[in-house]
Amino acid sequence: MKNTLFAKDIVTIDSLSKAEIELIFAKASEMKSLVKSKGGDQRLSGKIITAAFFEPSTRTFSSFLAAAQRLGAGVIAHNGMQNTSVAKGESYEHTVKVLCHYSDCLIIRHPQPGKPKEASEYAQVPVINAGDGINEHPTQALFDTYTVVKHFGTVDKLNVALVGDLKNGRTVHSLTKSLTKFGKVNFVFVAPDQLRMPKYIKDEVSQKGSLYKEVENLSEVTSRCDVIYMTRVQKERFTDLAEYERLKDFYILDRKLASNMKKNALIMHPLPIAAGEIASELDSDPRSVYLSDQLSNGMYLRMALLDLLLRK
Ligand code: NCD
C-alpha cells in the first residue's frame with residue numbers, strides 16, 4: 001500500500017482511514033520484530049524530532065523519545081515548557097515556528113483542546129497530538145486498539161467497558177473513535193452521572209453502527225466484558241476540588257471484583273493510576289496489560305508512526 005501517511009499531521013483519529021490504521025499496525029508489528037532482534041536501526045538518521053510538552057508526561061514523552069532514538073533520529077526534548085521562552089511570554093505561534101525550524105516533526109501535548117491542530121497550521125513539518133486537554137489522545141488510542149486487535153484478532157462484537165472519567169478523559173474519546181473504525185463494538189460506558197461520556201462521542205458510536213449502553217455500577221458488567229479499560233479521574237480538569245475528592249475513587253477494580261471476569265479478558269489502563277482505581281494486587285494478573293503490552297506496543301506504534309510520517 002502507498003504510504004499516504006507521509007508528511008501527514010496526526011491530530012485526531014478522525015483524519016485516519018481504516019486502511020491507514022492497518023498500515024500503522026503492520027508497521028508497528030515490524031517495529032516489534034526489529035526491536036526484539038536488534039534494538040532498532042538508523043532509518044531516521046539525519047532527522048530531528050521535537051517533543052514540546054506543555055503538560056506533565058511520563059510514558060508518552062519517554063516512549064516517543066525512545067521510538068525516535070531507536071530509529072536513529074535526534075531529539076529536542078521539552079518535558080514542561082517552564083524553562084523555555086514560553087515563561088518569558090513568547091506566543092504559542094512563535095514557539096511552534098521556532099521549534100519547527102530546527103526539526104522534522106513536532107510532538108505536542110497541551111492542556112487546551114485544539115492546540116496541536118492550531119500548531120499544524122503554523123508548522124511546516126508533521127504535528128502529532130500527544131494529548132490536548134479533554135479532547136483527544138490519538139496515539140494512545142492507536143496502540144490501545146492495536147493491543148486489543150492483537151489479543152482478540154478483531155474488535156467485532158467485543159464487549160468493551162470504558163470506566164471512570166469519560167467526560168474529561170481524552171484517551172477514551174480517541175479510543176472510542178479508533179475502535180469503531182475497526183468494527184462493530186458493544187461498548188459499556190461506566191461512569192458516575194457527573195463524568196458521563198460526551199454526547200458527541202455517543203452519537204458517533206451510533207452513526208458508525210456500534211452499540212453502547214451506560215451504567216453506573218461496574219460490578220453489573222464485569223462478568224460479560226472482554227475488555228475493561230479503567231481510567232483516572234482527571235483532577236486537573238476540575239474547578240471544584242471537593243467534587244474531585246468525592247469522585248476520585250468511585251471505581252476500584254480489585255481482585256474480588258475481577259474474579260468473575262472472563263479468563264481471556266484484558267484489563268487495561270492508559271496510566272497513571274492515581275487514586276488506586278486498579279488495586280496493585282491486579283498488576284500481576286495475567287489479564288492485566290497496563291504494565292506490559294500497552295507499554296511496549298506504545299513504543300512500537302510510535303516508532304511506526306515516525307517512520308511513516310518521515311519517510312516516503
Ligand atoms: C493519559 C493522558 O495523558 O491523557 N496518560 C497517558 O498519556 N498515558 C491518561 C491520564 O493522564 O489519565
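Reader: Which residues in H6 meet H7, and which in H7 do they meet?

Author: This is a predicted model. In H6, the residues are His173, Thr176, Lys177 and Thr180. They meet Tyr200, Ile201, Glu204 and Val205 in H7.

Reader: How does that contact divide into nonpolar, polar and charged?

Author: Three nonpolar, three polar and two charged residues.

Reader: At what angle do the axes of H6 and H7 cross?

Author: Roughly 10 degrees, and the axes come within 10 Å. Angles under 35 degrees count as roughly parallel, so H6 and H7 are roughly parallel to each other.

Reader: Switching to strands. How many bridges join S6 to S7, and do they run parallel or antiparallel?

Author: Five bridges, and the strands run parallel. S6 covers residues 186-190 and S7 covers residues 211-215.

Reader: What is the bridge partner of Phe187 in S7?

Author: Tyr212.

Reader: And which β-α-β unit do S6, H7 and S7 make, right-handed or left-handed?

Author: A right-handed one.

Reader: Now H5 and H10. How do their axes cross?

Author: At roughly 120 degrees, coming within 9 Å. That angle makes H5 oblique to H10. The crossing is right-handed.

Reader: Which residues meet there?

Author: From H5, Thr139, Gln140, Leu142, Phe143, Asp144, Tyr146 and Thr147. From H10, Asp293, Gln294, Asn297, Gly298, Leu301, Arg302 and Leu305.

Reader: And by class, how many of each?

Author: Five nonpolar, six polar and three charged residues in the contact of H5 with H10.

Technical notes
Residues numbered from 1 in each chain as written. Predicted model: local features only at pLDDT ≥ 70, side-chain atom pairs only at ≥ 80, totals over all residues. Heavy atoms only, no water. Axes fitted to C-alpha atoms, helices over the stretch in contact; angles between N-to-C directions. Helix = DSSP H or I, 4+ residues; strand = E, 2+ residues; numbered from the N terminus. Parallel < 35°, antiparallel > 145°, perpendicular 65-115°, else oblique. Contact = heavy atoms within 4.5 Å. Nonpolar A, V, L, I, M, F, W, Y, C, P; charged D, E, K, R; others polar. Pairing = 2+ DSSP bridges. Right-handed = clockwise from strand over helix to strand, strands pointing away. Left-handed = near helix turned anticlockwise from the far one by under 90°.
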